[in-house]
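Thanks for coming. I will go through a few local features of one structure, so please have the sequence and the 3D view open.

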Amino acid sequence: MRVRGGFIVTAALLAAVTGLPAAAADTAAAGSPPAPRAMPGLTTADTHPGACVDCHIAYPERGMDARLSVQLARWTRGEVDPRLLRQARASAPTGAAIEGRHPESTDSLGDIPGACLECHGAEAREAPPFAGLIHLVHLDGGAQNHFVTVFQGECTLCHKLDGRTGRWTVPSGPETRAGPEGAQQAARD
């Protein structure tokens with residue numbers, strides 16, 4: 001009994017010092033590493049190999065249509081969510097005038113996000129560079145953010161690791177390649 005109590009105290013102390021949860025510290029103290037967390041494409045199946053176009057689909061069960069064609073149509077009409085407008089302004093280059101209306105660019109829907117980089121590249125001067133904007137949009141806002149709550153903010157849903165080269169990429173393709181859920185929804189539309 002005394003040894004068991006000492007083990008529990010040691011595990012709790014290890015947890016406090018390392019920042020590991022007590023269960024992980026308990027496992028570490030026993031000599032076995034904790035199981036890896038589920039990371040799509042790395043430790044579990046990649047449920048969204050097309051990245052943007054596999055997540056940005058219609059979700060009828062949630063009453064939400066996240067397709068980028070639908071979003072772009074709203075933004076072109078000047079219907080930009082205030083939170084998105086704040087994020088666009090925060091990530092825009094100094095001096096860029098972000099007014100809350102996206103220019104017409106439906107031709108970009110054939111290569112998402114590749115075509116977006118034409119205006120939103122790393123050196124963009126008139127529009128928010130893609131990397132800063134997209135990370136704010138997908139990770140800012142905590143429990144109010146759909147990507148955080150539904151997809152747990154999982155980076156590997158967008159960023160894909162090539163196991164041969166170690167290079168990270170973000171796939172690009174047409175909206176119509178919207179994964180099984182999107183393809184079924186597109187067939188119903």
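Is E104 buried or exposed? This is a predicted model, so what I say is about the prediction. E104 counts as exposed because its relative accessibility is 53%, and the cut-off for exposed is over 50%. To find E104 on your screen, go to the loop between α5 and α6. The side chain of E104 has a polar contact of 2.7 Å with the side chain of T106. Another residue to look at here is T76, which is 28 residues from E104 in sequence. In space, C-alpha to C-alpha, E104 and T76 are 6.0 Å apart.

The peptide bond leading from I112 into P113 is cis. Its omega is near 5 degrees.

Now the backbone angles. Two residues other than glycine have a positive phi: A51, near 55 degrees, and Q152, near 60 degrees. Where do they sit? A51 is in the loop that runs between α2 (22–30) and α3 (52–55). Q152 is in the loop between α8 (146–151) and β3 (160–161). Which of the two terms, buried or exposed, applies to A51? A51 is buried, because its relative accessibility is 1%, and buried means under 20%. Q152 has a relative accessible area of 61%, so Q152 is exposed.

Last, a pair of helices. Helix α5 spans residues 82–91 and helix α7 spans residues 130–139. They pack at an angle of about 145 degrees, and their axes are 9 Å apart. The crossing of α5 past α7 is right-handed.

Which residues of α5 meet α7? On the α5 side, they are R83, L84, Q87, A88, A90 and S91. Their partners in α7 are G132, L133, L136 and V137. By type, the residues of this contact divide into six nonpolar, three polar and one charged.

The bond from I112 to P113 is cis. A51 is buried, and Q152 is exposed. Helices α5 and α7 pack with their axes 9 Å apart. That is the end of my part.

Key
Residues are numbered from 1 along each chain as its sequence is written. This is a predicted model: local features need pLDDT of at least 70, side-chain atom pairs count only at pLDDT 80 or more; totals for chains, interfaces and linings use all residues. Side-chain values use heavy atoms; hydrogens and water are left out. Axes are lines fitted to C-alpha atoms, for helices over the stretch in contact, and angles run from 0 to 180 degrees between N-to-C directions. Helices (H or I, at least four residues) and strands (E, at least two) are DSSP runs, numbered from the N terminus. A crossing is left-handed if the near helix is turned anticlockwise from the far one by less than a right angle, and right-handed if clockwise. Contact means heavy atoms within 4.5 Å. Ala, Val, Leu, Ile, Met, Phe, Trp, Tyr, Cys and Pro count as nonpolar, Asp, Glu, Lys and Arg as charged, and the others, Gly among them, as polar. Buried means under 20% relative accessible area, exposed over 50%, partly exposed in between (1.4 Å probe, protein chains only). A polar contact is a pair of N or O atoms within 3.5 Å; within protein, one must be able to donate a hydrogen and the other to accept it, and residues adjacent in sequence count only if both atoms are side-chain atoms.
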